[in-house]
Structures are given as structure tokens and as C-alpha cells.
Amino acid sequence: MARGDDLDPLSAVLAPPPNESPADREGRLRAEAEAKRISDAIDEEIQAQVKAEKKGPKPIKVLLLGQSESGKSTTLKNFQLLHSQKTFRTERSSWRAVIFLNVVRSIRLILEAIADVHALQNPPPSSPSGRSSTSASSSPISTTPPDSLPKLTSEHLKLRMRLLPLLQVEEVLIRKLTPAGSGEYEATSLGHITNLPAGLENSGNNSGGSDSGISGDGAGGGKREREIAVNTQFAWKNMFTRLMTGGSGRDSGEIGSWEGDPDDPGKIIHACGEDMIKLWGDPTIQSVLEFQKIRLQDLPGFFLDELDRITAAKYVPTDDDILRARLKTLGVSEYRFQVKDGSGFGSSTREWRIYDVGGHRSLVRAAWAPFFDDMNAILFLAPISCFDQVLEEDPNVNRLEDSILLWKSIVSNPLLSRTSLVLFLNKIDILKAKLASGIQFGHYIVSYGTRPNDYDNTSNYLRRKFQQIHKEHSPAPRTFYCHFTTVTDTKATSMILADVQDTIIRKQLQETL
Ligand SMILES: Nc1nc2c(ncn2[C@@H]2O[C@H](COP(=O)(O)OP(=O)(O)OP(=O)(O)O)[C@@H](O)[C@H]2O)c(=O)[nH]1
Ligand SMILES: [Mg+2]
């Protein structure tokens with residue numbers, strides 16, 4: 001066998017020359033070492049490439065845009081439900097706290113309305129006109145004849161007293177969400193809580209004359225209301241989990257961990273359950289709200305029709321509850337999902353990064369722009385049910401008009417000329433309900449004229465409006481992707497999101513070919 005080595009042509013070539021001098025040998029070894037260094041570097045590069053390929057292709061980036069309350073965070077929750085169910089479910093107990101906050105807020109508004117009406121029923125002696133000194137002179141209360149005042153009894157006032165502890169629950173929850181001095185949150189905002197039909201409101205504002213052809217009815221004039229907003233950088237979910245686990249910090253996310261916790265706000269909610277149900281079901285209280293032009297059922301985070309279930313001792317939010325819970329976003333957050341490449345693109349997974357931003361006007365333009373550069377797609381939400389509402393942040397601006405102008409600014413932005421734009425005309429469930437209740441679309445959307453006040457006509461009218469802007473203002477021709485959505489409906493939304501994912505992947509593939 002030893003002879004075979006001698007016969008190996010490779011060994012013969014690589015063998016040092018028989019009469020090699022020490023200097024030649026040194027030179028040869030140096031050259032061999034250099035060749036090895038180069039070879040190792042090449043190997044390393046190849047290894048790095050293999051590793052990168054294993055990691056998969058570049059992530060798909062999607063930015064959620066739209067005005068405040070358009071449904072961006074709710075759309076994100078749908079993504080979580082589809083692709084990150086475990087996280088979604090472990091956060092259930094944190095959403096329980098937000099739902100309590102939403103319930104208590106609605107109850108507080110009722111208690112305040114009772115106090116206002118009670119003050120009108122019992123005017124101070126110095127106010128013979130029957131107007132309360134506590135009610136603002138511009139309030140609709142002062143302009144309504146006193147004999148139309150609902151008649152509150154001592155039972156109503158007792159009920160109100162019994163429910164006052166709920167205000168402490170609200171304070172505790174708010175403190176947890178927005179710890180004083182952290183500077184990472186904005187606890188309050190002012191906003192209107194009523195939608196008065198045009199003509200009834202006392203402001204009479206009308207921005208009108210915009211190129212969107214939509215009038216800015218000054219609907220509103222009701223109470224101004226603070227809304228909790230949470231900075232996405234602040235770990236509010238951990239705060240609630242800590243609250244739930246009695247300060248142990250154990251991030252179990254299990255509802256069971258609330259049990260036996262003296263700080264559990266669910267205890268007071270449960271104890272006040274019957275009284276809350278009584279309050280909301282009372283016809284006089286309903287007329288108090290009507291008198292004050294307060295429609296709680298139109299506010300995001302409305303749960304009073306389900307108090308039975310929500311005030312139960314062991315209440316666990318359903319997926320639907322979580323989707324309907326309202327917590328305003330401040331700042332920008334990134335969420336990562338591993339998404340299967342379906343629809344004939346193989347069975348590999350791809351990382352998707354979804355960016356949720358706060359849509360409040362003061363935050364919008366400045367915070368969104370840095371993200372424009374690198375996005376595969378923008379999912380733009382326009383809540384088309386808001387045709388009769390004004391902006392919380394500027395009561396002179398009709399919400400639908402604001403959405404249209406925002407759409408126009410995104411469509412025409414040259415930085416986004418190669419970005420896919422997907423439009424969700426959202427909250428169609430509320431649009432249908434409003435039209436069915438007789439609210440006249442054409443009354444607010446002047447350019448709609450006297451066309452039929454039904455869902456098909458109004459929704460298609462708006463679709464065409466958005467499409468026209470897309471066509472006229474895009475820097476270069478691009479496809480118009482549009483869906484009518486109710487993003488609180490998880491089943492319908494999951495199908496739409498699958499379609500959107502498919503569209504984005506196809507577009508991305510086309511570009512890389
Ligand atoms: N009925 C109904 N409610 C919806 C729909 N979409 C969103 N909502 C509710 O509207 C409220 C506002 O939705 P969000 O997703 O918080 O809105 P946002 O765009 O993230 O708002 P900001 O964080 O303020 O920018 C929530 O209570 C949602 O449950 C819808 O299609 N139908
Ligand atoms: Mg949000």
C-alpha cells in the first residue's frame with residue numbers, strides 16, 4: 001500500500017523539490033500560508049452567505065396609516081391573531097384591564113350626565129332662569145327648555161353614589177398605564193363625544209370648499225372627553241400583568257393570576273355589576289343621555305350592552321372583546337411575524353414587520369415620514385362611517401374629509417411612488433347602521449347630492465372618490481388595491497389580510513425578478 005502513495009500523481013506534484021535549499025523552503029512555506037489564508041477567507045465568506053440564505057429573504061415591511069380611530073391597531077391585532085396567536089392570547093389579561101377602563105369611562109360619562117341634569121333640576125337660588133352655574137353657557141343643556149328635563153329620582157342619585165367607587169378604579173388603571181413623570185405617555189386628550197346632525201349643533205362650523213368636495217360639518221358641541229393614550233414604547237402590558245399578579249412581576253398573562261389579588265379592579269367591577277346594569281337599562285337614564293346628546297354606543301370601546309358577561313367574577317375577554325377594546329396609540333411600534341408564503345410560493349416562511357403608529361393629528365406627519373423610505377406596502381385605513389363626525393383634535397374638520405386629504409398626501413408623496421398602497425375603507429358595519437337609522441349621507445357629503453341613502457351607493461361613491469385621487473395624484477401609474485372592511489370582524493378580516501399578503505408578496509416577487 002505504501003508504494004501506492006508514491007504513485008499518487010497529486011502527492012508527486014505537491015511534494016517539495018528533492019534538493020530544496022533552506023531559503024527556498026522558507027519561501028515555499030510562506031506562499032503556502034498565504035494561499036491558506038486566502039482560502040480560509042473565501043470559505044468564511046461562503047459560510048456567511050449560506051447562513052444568510054438560511055435566514056431567508058429580506059423581511060416584508062408594512063406600515064399601517066390612517067387618522068386616529070381608523071382601526072390601525074385593530075388591524076394589527078388581526079395580524080397577531082393570524083400569525084402570533086400565543087402572544088395574542090397571553091396578552092388577554094392585559095386587555096381585560098383595558099376593557100374595564102373602557103367600561104368605567106362609559107359609566108363615568110353617565111354619572112357626569114346625571115350630575116348635570118340634577119344641577120339643572122335644582123338651580124341655585126341666584127339663577128332664576130333654571131340654568132346651572134356649572135353648565136357652560138355654550139352647552140346644549142342651557143338652550144333646551146327646562147320642562148323637557150328628564151325627571152331624576154332619589155333612587156337615581158343613590159345609584160350614582162353607589163357607583164362612584166368606579167371612578168377610583170379608573171384612576172388606578174390610568175395611573176398604571178401612565179405613571180407620573182415617566183414622560184413616556186400622554187394621558188389625556190380632548191374630544192367630542194356626540195355626533196349631532198347638522199343644524200342641531202351649536203358651533204355651526206363648516207370648513208367647506210375643500211377640493212375633496214366634502215363639507216366639514218361642525219357636528220359636535222357635546223361634552224369634551226379625555227381619552228387614555230399609551231406610548232407604544234412603554235411596557236403597559238407588563239404594568240397590568242404586575243397589577244394582576246399582586247406585584248410579583250410574574251408575567252404569566254393568565255387570567256387566573258388575578259384571583260386573590262386585592263388590587264384586582266375586577267373585584268369592584270364585579271361588586272358594581274348589578275348597579276351598572278340597572279343604570280344602563282333605566283329609561284330615565286337613557287333620556288338623560290338623549291337630553292345631553294350623548295351616544296355612548298358610537299364611542300370606541302363601548303361594552304355597556306354586555307355588562308352581564310364583563311362584570312362576571314371570572315370574566316375572560318374573548319377575541320372579539322379584545323378587538324373592540326380601545327386604547328389610543330402614541331408613537332410607533334414594530335411587530336414581527338413569521339408568515340408562511342402561501343398561494344403557490346412554496347412552503348417557506350418569511351418575516352413580516354408591521355408598523356403601528358398613532359394617528360392623532362399632532363403625531364401624524366412628523367412621526368410617519370422616517371418610515372416611508374423602506375416600506376414594501378402601506379395599509380391605509382379610512383373609516384368611512386365617520387362622514388357625520390368631526391376630528392377630536394379639530395372640531396372644524398370633518399373626519400371623512402381629513403381621511404381623504406391624508407390619503408391624497410400619501411398617494412402623492414414621491415418617496416412612496418414605488419410603495420404598494422392598499423386601502424381599507426373601514427367600519428362599514430357602522431356605516432350601514434348609520435344609514436339604516438336614517439342619518440343622511442348627502443346632508444354631510446354635499447357632493448353626493450340626493451342619490452339614494454343606502455350602503456351600496458354611498459360606499460361605491462366613496463370608493464370612486466379614493467380611486468380618483470389615487471389615479472390623479474400618484475407620481476407614477478400603479479394598481480389601486482381597495483377593500484371594504486370591518487376589522488373588528490376577525491373572520492372576514494383574516495380572508496382580506498390573506499389576500500393583501502398575497503398581493504404584497506406577488507408585487508415583491510415581480511420587483512426582484
Ligand atoms: N364597529 C367597528 N369598530 C371598529 C372597526 N375598526 C376599528 N373599530 C374600533 O374603533 C376603535 C379605534 O380603533 P383603533 O384600532 O384603536 O384605531 P387606531 O387607528 O389605532 O387609532 P389611534 O391609535 O388613535 O391612531 C377601537 O375600539 C376598535 O375596536 C370597525 O370596522 N367596526
Ligand atoms: Mg392605535
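In strand β10, C482 is the bridge partner of L423, where helices (H or I, at least four residues) and strands (E, at least two) are DSSP runs numbered from the N terminus. This is a predicted model, in which local features need pLDDT of at least 70 and side-chain atom pairs count only at pLDDT 80 or more, while totals for chains, interfaces and linings use all residues. Residues are numbered from 1 along each chain as its sequence is written, and chains are lettered from A and ligands numbered from 1 in the order in which they are written. The chain holds 21 helices and 10 strands.

**The sheet**

- Six strands form an open sheet with mixed pairing, in the order β6-β7-β1-β8-β9-β10, two strands being paired if DSSP finds at least two bridges between them.
- The edges are taken by β6 (332–340) and β10 (481–484), each of which has a single partner strand, so one side of each is left without a neighbour in the sheet.
- On average, neighbouring strands of this sheet are turned by 20 degrees against each other, direction ignored.
- Helix α21 (residues 490–512) packs on the sheet and touches β1, β6, β8 (377–383), β9 and β10, with its direction at about 165 degrees to that of β9; axes are lines fitted to C-alpha atoms, for helices over the stretch in contact, and angles run from 0 to 180 degrees between N-to-C directions.

**Strand pairs within the sheet**

- Strands of a sheet pair through backbone hydrogen bonds, either parallel or antiparallel.
- Strand β9 (residues 420–426) pairs with β10 in the parallel sense over four bridges.
- Strand β7 (residues 349–357) pairs with β1 in the parallel sense over five bridges, and in β7 it is R353 that stands opposite K61.
- The pairing of β6 with β7 is antiparallel and runs over nine bridges, with R350 in β7 as the bridge partner of V339.

**Helix packing**

- Helix α6 (residues 92–121) and helix α13 (residues 283–291) have axes that come within 10 Å and cross at roughly 80 degrees.
- That angle makes α6 roughly perpendicular to α13, since angles under 35 degrees count as roughly parallel, over 145 as roughly antiparallel, 65 to 115 as roughly perpendicular and the rest as oblique.
- From α6, I110, A113, I114 and V117 meet I285, V288, L289 and F291 of α13, two residues being in contact if their C-beta atoms, placed from the backbone, lie within 7 Å.
- Helix α18 (residues 428–436) packs against helix α20 (residues 455–473) at an angle of about 130 degrees, with the axes 10 Å apart, which makes α18 oblique to α20.
- This contact is made by I428, L431, K432 and L435 of α18 together with Y455, T458 and S459 of α20.

**Residue E69 and burial**

- E69 lies in the loop between β1 (60–65) and α4 (72–83).
- E69 counts as buried because 25 other C-beta atoms lie within 10 Å; a residue is buried with 20 or more other C-beta atoms within 10 Å of its own, exposed with 12 or fewer, and partly exposed in between, with C-beta atoms placed from the backbone.
- Leaving aside neighbours within four places in sequence, E69 is in contact with P300 and P383.
- Across the chain of 513 residues, buried residues make up 37%.
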